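Please look over the structure shown below before reading the report.

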Amino acid sequence: MRVDSLDPVTITYLDCAATNPMRPAAIEAMLPYLREDYANPSGSHRFARRARRAIDESRDVVAAIVGCQPGEVVFTGGGTESDNMAVVGAVRRTGGAAVCTAVEHPAVLEVVELHGGVVVGVDHVGRVDLDELTAVLEERGPEVAIVSVMAVNNEVGTINDIEAVARIVRRHAPHALLHSDAVQAACWLDLRDVTRHVDLMSLSAHKFGGPKGVGVLVERGGARVDPLIVGGGQERQRRSGTQNTGGIVATAVALELTDAERVAEAVRLTPIRDRLVGRLTTEVDDCIETVPAEYKVAGSAHVCFDGLESEALLFLLDEDGICASAASSCASGAMDPSHVLAAMGVPRERAVGALRLTLGHETSDDHIDRAADVIVAAVAKLRR
């Protein structure tokens with residue numbers, strides 16, 4: 001089936017938190033394993049061993065970048081699976097309770113709630129309330145199996161102090177595993193700084209220019225959780241199922257490029273992001289930046305418009321080729337305001353006018369200028 005081209009509309013893509021475009025080098029690295037090196041890496045013949053060697057080499061690359069041993073890297077089917085595996089696997093292994101923040105991705109939050117866990121509040125910019133976390137662990141520490149706090153929020157870009165969280169967990173729930181959903185962190189933070197404080201960490205390849213359908217769960221320092229998927233024994237009995245050789249190879253290439261360019265990209269994109277937010281907040285009445293720049297990553301531009309509904313605004317933006325969102329891509333189409341904004345205390349009348357604009361390695365000055373022009377005009381049209 002052929003998908004029609006999006007032309008003649010000029011596309012300005014500002015939804016990189018939903019997915020980043022694949023890096024060309026990652027595509028090229030993937031292709032041989034779709035064409036000629038297609039053998040099942042679990043096989044015993046030399047053709048299969050070649051595929052297995054590619055996975056092992058990719059595992060080495062990922063381990064070096066995240067700051068762990070190769071044997072601590074588990075390849076999964078995506079960030080959602082990695083998050084689910086961390087929380088469910090820890091609860092199943094010990095029978096204990098799960099604790100997370102109120103602004104986690106649904107892949108963590110819904111699992112914690114489903115298993116009767118504890119949800120901790122956040123402050124006005126979306127950082128975990130450390131006092132509340134301390135109180136919860138002081139009361140329930142011995143029964144807690146896992147604490148999950150995301151490194152970077154997927155909607156508003158807020159950075160959590162994982163080191164401070166780790167100190168609290170180690171003091172009040174020393175037997176609990178500490179997990180961080182770092183899916184949105186790879187483009188902006190040194191993952192080694194996250195890994196050294198946690199037992200478990202989740203990544204998703206398509207967030208940093210790799211393919212969809214590949215994730216990573218780091219099980220560090222002897223930490224183990226029960227597998228979600230059993231039956232084949234792949235990934236050292238931790239995640240059964242034939243590995244996606246090409247996807248794993250492309251993931252390693254994309255992560256390596258992301259890590260090498262991370263600091264320069266933050267320097268390049270910060271003023272671009274600030275200019276976009278500055279134009280919107282000065283040219284549009286009652287446009288508020290949700291989280292100040294000092295609390296978030298360089299690729300996040302999140303604003304709220306009083307008196308507007310995101311759905312109507314996104315419709316006009318889409319007609320003009322601006323790719324944006326109102327909340328997490330997993331919640332697109334939902335009529336209720338984001339659970340993240342609600343937890344932060346953003347009033348409902350403002351939260352329903354949320355707009356998430358996220359930047360990535362292909363974002364340019366021209367994209368920002370065009371997006372600002374279109375958004376300003378669209379808001380004016382809706383308010384008329």
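## A buried arginine

R239 is buried, with a relative accessible area of 16%, where buried means under 20% relative accessible area, exposed over 50%, and partly exposed in between, for a 1.4 Å probe and protein chains only. This is a predicted model, in which local features need pLDDT of at least 70 and side-chain atom pairs count only at pLDDT 80 or more, while totals for chains, interfaces and linings use all residues. Residues are numbered from 1 along each chain as its sequence is written, and side-chain values use heavy atoms, with hydrogens and water left out.

R239 lies in the loop between β8 and α9; helices (H or I, at least four residues) and strands (E, at least two) are DSSP runs numbered from the N terminus. The side chain of R239 makes a polar contact with the side chain of E81, at 2.7 Å, a polar contact being a pair of N or O atoms within 3.5 Å of which, within protein, one must be able to donate a hydrogen and the other to accept it, and for which residues adjacent in sequence count only if both atoms are side-chain atoms. Neighbours within four places in sequence aside, R239 is in contact (heavy atoms within 4.5 Å) with V74, F75, T76, G77, E81, I229 and Q234.

## Helix α3

Helix α3 comprises residues 46-66 and reaches 30 Å from its first C-alpha to its last, close to the 30 Å expected at 1.5 Å a residue, the expected span being 1.5 Å times one less than the number of residues. Among its buried residues are S58 and R59, and the buried residues of α3 pack against several elements, including β2 (73-76) and α9 (245-283). After α3 comes G67, whose phi is positive, near 85°.

A search of the whole structure finds 2 cavities of 30 Å³ or more. On a 1 Å grid over the protein atoms alone, a cavity is a set of points where a 1.4 Å probe fits but cannot get out, and lining residues have an atom within 4 Å of a point; grid points are joined across faces, edges and corners, and a volume is the space filled by probe spheres set on the points.

The largest cavity has a volume of about 160 Å³ and is lined by 19 residues, of which A17, Q184, W188, V297 and T358 lie nearest its centre. The second largest cavity holds about 80 Å³ of space, and its lining includes R23, W188, E261 and H361.

## An exposed aspartate

D366, in helix α13 (residues 365-383), is exposed, with a relative accessible area of 61%. D366 and I272 are 94 residues apart in sequence and 9.8 Å apart in space, C-alpha to C-alpha.

Note on methods:
1 Å grid on protein atoms, 1.4 Å probe; cavity = no way out; pocket = protein on both sides within 12 Å on 5 of 7 lines; lining within 4 Å.
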